[in-house]
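Hi,

Here is the structure I promised to pass on. My notes on the sheet and the pockets follow below.

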Amino acid sequence: MGLNLENIVAVSAMPGLYKMVGNRKNGLLVEDYDKGTTKFCSVRKHQFTPLETCSIYTDSDTAAITDIFETMMAKPPIELKSSSQELHNYFREVLPEYDEDRVHISGIKKVIKWFNFLKKRGLLKMESSDQEEE
């Protein structure tokens, strides 16, 4: 079991997350989840972060964002307007071993924003590794 975040990208200078629908030598074609419109984003103006490659620093290594999202499904996030201390406390519950020196409040807020974005649009679905059960 696991979450499938394939083809979901964050694009610098653009709010939200996008579905990658095409790849060009000089950029990506991305689809807006809400409007359904497709837009070309040049590598000259934007940086792209595939969500499936994101991770959070821990005391020993890193934790995949998919694992964090799975935990967050059982423990829904608090409001983004909460105090820094409350956000750190929540993140400690979701990922107790996160590296508090390298994970800043902006990173915690970004993880919560992405989680809320995906959940609101029904994109956080568990994928079964053995789809044929008899």
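A term before the sheet: two strands count as paired if DSSP finds at least two bridges between them, and strands are DSSP runs (E, at least two residues), numbered from the N terminus, while helices are runs of H or I with at least four. Bear in mind that this is a predicted model, where local features need pLDDT of at least 70, side-chain atom pairs count only at pLDDT 80 or more, and totals for chains, interfaces and linings use all residues. Numbering starts from 1 along each chain as its sequence is written, and side-chain values use heavy atoms, with hydrogens and water left out.

The sheet is open and has five strands in the order β5-β4-β3-β2-β6, with antiparallel pairing. β5 (38-42) and β6 (48-50) are at the edges with a single partner strand each, so one side of each has no neighbour in the sheet. Inside it, β3 (residues 17-24) and β4 (residues 27-32) pair over six bridges, and K19 has E31 in β4 as its bridge partner.

Now the pockets (open sets of points on a 1 Å grid over the protein atoms alone, where a 1.4 Å probe fits, with protein on both sides within 12 Å along at least five of seven lines; lining residues have an atom within 4 Å of a point). The largest is lined by 24 residues, with S106, G107, K110, V111 and W114 nearest its centre. α3 gives the largest share of that lining, eight residues.

K19 and E31 turn up again in the lining of the second largest pocket, along with others including Y33 and K125.

Cheers
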